[in-house]
Amino acid sequence: MAAPDLASTVAVAGRTRPTFATTAGRVAPFVVTVLSIAAGLLVWELVSRSGLISEDDLPAMTTTFNELWSMIHTREFWVAFGETVRGWALGLGIATLLAVPSGILLGSSEFANRALRVPVEFLRPIPSAALIPLLFLTLGTTLKSEVFLATFGAFWPLLVQTIYGVRDVDPVALDTARSFGVGRFERLYRIKLPSAFPYIATGLRISSAVSLILAFTAELFMGTGGLGQIMNVAESFGLTVQVYAIALATGFLGLAIYVLFAAFERWALRWHPSQRAAAA
Amino acid sequence: MSRRTYHAAAIAAEIAVPVAILLAWQAWTVQAQDPKFPRLSTILVEFRQMWLFSQFELHVVPSLTRIAAGFGIALVLGILLGIPLGLSRWGRIIAMPHIEWWRAMPPPALLPISIVLLHSIENRQKIAFIAFFCLFPILLNTIDGVRGIDPTLMETARSYGMRGFERTRRIVFPAALPQIFAGMRTSLSLAVIMMVLTEYFSSTSGVGYVLLISKNTLQLAPMWAAIVLIGVLGYLLNLLLILVERRVLAWHRGWRAATAQ
C-alpha cells in the first residue's frame with residue numbers, strides 16, 4: 001500500500017516530466033477498475049447460465065441488458081423515466097427552497113433553534129415510507145403525493161446540513177464584519193451563506209439520493225406514473241426479465257444523480273483541506 | 001433583554017412550542033371532523049390499546065427482530081470488509097465500483113427482486129434486504145475511518161513490532177470507531193425505513209403490515225397509531241444508539257477534550 005502512494009507523492013512534489021513509472025501508476029488503477037467491473041458482469045452471467053441460480057430467478061446479464069436495450073426503444077419507457085425524473089426534481093427542488101431558508105434561520109437564531117428543537121427531533125426520524133397510506137387517502141395516487149413524499153424525505157438532511165453550516169461560520173469573520181458596520185442582511189449573504197455552502201452541497205448530495213428513492217417508492221406502492229409503476233406492473237405479470245431491466249435502469253439513474261451531485265460537492269469543497277489532501 | 005430572562009424565555013419556548021403544536025393538532029382535528037384525520041386524543045387512546053401491549057408481541061416484536069438482525073449483520077460485515085479495504089489501496093480500487101453501484105441503487109427497486117431471488121416473503125427476505133442496504137453506510141464509514149488514521153499512530157505500532165490482527169484490534173479498530181458510529185447512525189435510521197418498506201410490500205406480520213392492512217380496511221385510527229409507533233420507534237432506536245455511542249466512545253471524547261486544552 002505504501003509504495004505506490006509514495007511514488008505518486010514524490011512525482012507530484014517534484015513536478016518532473018511523467019516517466020513510464022508514473023504513467024503506469026496512473027493508468028493501472030483505471031485498468032483494474034474496468035477489469036473489476038467486467039469481472040462482476042461475468043460472474044453475474046456465469047451464475048445464471050450455469051444454473052447456480054436458476055435463470056427464472058436471476059436472468060443472465062446479457063439477457064437483462066438485451067431487455068433493457070429493447071425497452072429504451074419504446075416510448076413507454078421514456079415516459080416513465082421522465083415521470084420519475086420529474087418527481088425527483090420537484091421533490092429535491094421544493095425541499096431545497098424550504099430547507100435552506102429554515103436552516104439559515106435555525107442556525108443563526110439560538111432562540112428559534114431552541115423553540116423548534118423538540119418538534120424537529122421528533123419529525124426527523126419518522127420514516128417517510130410510513131406516510132404512504134396517509135397520502136393514499138388524502139392526496140391520492142397523484143403527482144402531488146409523489147412530490148410530497150420526496151420533499152418530506154429530502155427536507156431533513158438538507159435542513160440539518162444547513163444548520164451545521166451556518167453554525168460553523170468563523171466567529172472572527174462575523175465579529176470583524178459587525179465591527180465594520182456590515183448590516184445583518186449583508187453578513188448573511190457575504191459571510192454566512194458562502195461558508196455554509198459546502199455543507200449545503202453535502203446536504204444536496206444526500207437529499208438528491210433520498211428524493212429519488214422516495215419518488216420511486218411512491219410509484220411502486222401508490223401507482224403514480226414512473227419507473228416504479230412499470231416495475232410493479234411487470235412484477236405482477238411475472239415478467240422477471242423486465243423487472244431486472246427496470247431495476248438496472250433505475251440503478252443507472254441513481255448512479256448518474258450520485259456522480260453529478262458528488263462532483264458538485266467536490267467543487268463546492270475545493271478549497272477545503274480534506275479535499276486538497278485527497279486530490280494529491 | 002438580560003441574559004437570565006433570555007434563558008428563561010428560551011426554555012419556556014422549548015416547552016411551549018411542542019405543547020402548542022399538539023394542542024393545535026387536537027383543536028384542528030376536533031373542529032375538522034374529518035375521518036381521515038381522527039382526533040389526536042383518539043389516536044393516542046388507540047395507540048395505547050394496540051401497542052401497550054396487546055399487539056406488541058404479534059407485530060412489534062417481529063419488526064424489531066428484523067431490524068436487529070439486519071442491522072447486526074450489516075454491522076459485522078461492514079466492519080469485517082471495511083477494515084481490510086481501508087488498509088489496502090488495491091482492495092479499494094477493485095471493490096469501489098461495486099460498492100458505488102449498490103449504494104447508488106434506490107432500495108425499493110430491489111424489493112420485487114429480493115422476493116424472486118430468495119423465494120421468501122418471510123424473515124429471510126426481510127432481514128437480507130435490511131442488512132444489504134444498511135451495509136453501505138457502515139462499510140463506507142469504516143473504510144474512511146481506517147484511511148483517516150493518523151500515520152504516526154501506524155508508524156508507532158510498526159516500531160513496536162505490532163502487526164496483523166494485534167494491530168487491527170488495538171490500533172486500527174479503535175481509531176476508526178468514531179467514524180464507524182457515524183455510519184451506524186445512518187444505517188439504523190435506514191433499517192427502520194427498510195423494515196417499513198419490506199413489510200409494506202408483502203408480508204404477514206410487522207408494523208408495516210399493520211399499516212397496510214389498516215389502510216386497506218379504512219381503519220384510520222389504527223393506521224395513525226401505526227404511523228405514530230413507527231415515529232416513536234425511529235426516535236427511540238436513535239436515542240439508544242446515541243447512549244451506546246456515548247458510553248463506548250467516552251475515551252475518545254475525553255481524549256479530544258484533553259488535547260484541546
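Which residues in helix 10 of chain A meet which residues in helix 11 of chain A? Keep that question in mind while we look at the chain around these helices. One caution comes before the answer: this is a predicted model.

Start with chain A as a whole. Chain A has 12 helices and 0 strands. Read along its sequence, the pattern is α-α-α-α-α-α-α-α-α-α-α-α. Chain A holds 280 residues, and 35% of them count as buried. Now take the contacts in chain A with a separation of 6 or more. Residues 24 or more positions apart account for 72% of them.

Back to the opening pair. Two packed helices are described by the angle between their axes and the distance between the axes. Helix 10 of chain A covers residues 227-236, and helix 11 of chain A covers residues 240-268. They pack at an angle of about 165 degrees, with their axes 9 Å apart. Angles over 145 count as roughly antiparallel. Helix 10 and helix 11 of chain A are therefore roughly antiparallel to each other. Their crossing is left-handed.

Here is the answer. From helix 10 of chain A come A:Leu227, A:Ile230, A:Met231, A:Ala234 and A:Glu235. They meet A:Gln242, A:Val243, A:Ile246, A:Ala249 and A:Thr250 in helix 11 of chain A. Sorted by class, this contact has 7 nonpolar, 2 polar and 1 charged residues.

Stay in chain A for one residue. A:Thr96 is found in helix 4 of chain A, residues 75-108. Is A:Thr96 buried or exposed? The cut-off for buried is 20 or more other C-beta atoms within 10 Å. A:Thr96 has 21 such atoms within 10 Å, so it is buried. Leaving out residues up to four places away in sequence, A:Thr96 touches A:Leu158 and A:Leu204.

Helix 9 of chain B covers residues 207-216, and helix 10 of chain B covers residues 220-248. Their axes come within 8 Å and cross at roughly 155 degrees. Helix 9 and helix 10 of chain B are therefore roughly antiparallel to each other. The crossing of this pair is left-handed. On the side of helix 9 of chain B, the residues in contact are B:Val207, B:Val210, B:Leu211, B:Ser214 and B:Lys215. They meet B:Pro222, B:Met223, B:Ala226, B:Leu229 and B:Ile230 in helix 10 of chain B. By class, there are 8 nonpolar, 1 polar and 1 charged residues in this contact.

Between helix 9 and helix 10 of chain B runs a loop that holds B:Leu218. Phi of B:Leu218 is positive, near 55 degrees, though the residue is not a glycine. B:Leu218 has 10 other C-beta atoms within 10 Å, so it is exposed. Another loop, between helix 5 and helix 6 of chain B, holds B:His119. B:His119 is not a glycine either, and its phi is positive, about 50 degrees. With 11 C-beta neighbours inside 10 Å, B:His119 counts as exposed.

Helix 7 of chain B, residues 151-159, has 9 residues. The number buried is 0, so helix 7 of chain B lies largely in the open. After this helix comes B:Gly161, with a positive phi near 75 degrees.

Next, see how the two chains meet. The contact takes 42 residues from chain B and 48 residues from chain A. Several helices of chain B each supply at least two residues of the side that touches chain A, including helix 1, helix 4 and helix 5. That side of chain B divides into 32 nonpolar, 6 polar and 4 charged residues.

Finish in the interior. In soluble globular proteins, nonpolar side chains tend to be buried together. Here the largest nonpolar core has 111 residues. Which members touch the most other members? They are B:Ile130, B:Cys134, B:Ala191 and B:Ile230. Helix 8 of chain B, residues 164-201, gives the largest share of this core, 16 residues.

B:Ile230 links several parts of this tour. Leaving aside neighbours within four places in sequence, B:Ile230 is in contact with A:Ile126, A:Pro127 and A:Ala130 in chain A. In chain B, B:Ile230 is in contact with B:Val192, B:Val196 and B:Val207.

Methods
Residues are numbered from 1 along each chain as its sequence is written. Chains are lettered from A and ligands numbered from 1 in the order in which they are written. This is a predicted model: local features need pLDDT of at least 70, side-chain atom pairs count only at pLDDT 80 or more; totals for chains, interfaces and linings use all residues. A nonpolar core is a set of buried Ala, Val, Leu, Ile, Met, Phe, Trp, Tyr and Cys residues joined through C-beta atoms within 7 Å. A residue is buried if 20 or more other C-beta atoms lie within 10 Å of its own, exposed if 12 or fewer, and partly exposed in between; C-beta atoms are placed from the backbone. Helices (H or I, at least four residues) and strands (E, at least two) are DSSP runs, numbered from the N terminus. Two residues are in contact if their C-beta atoms, placed from the backbone, lie within 7 Å. Axes are lines fitted to C-alpha atoms, for helices over the stretch in contact, and angles run from 0 to 180 degrees between N-to-C directions. Angles under 35 degrees count as roughly parallel, over 145 as roughly antiparallel, 65 to 115 as roughly perpendicular and the rest as oblique. A crossing is left-handed if the near helix is turned anticlockwise from the far one by less than a right angle, and right-handed if clockwise. Ala, Val, Leu, Ile, Met, Phe, Trp, Tyr, Cys and Pro count as nonpolar, Asp, Glu, Lys and Arg as charged, and the others, Gly among them, as polar.
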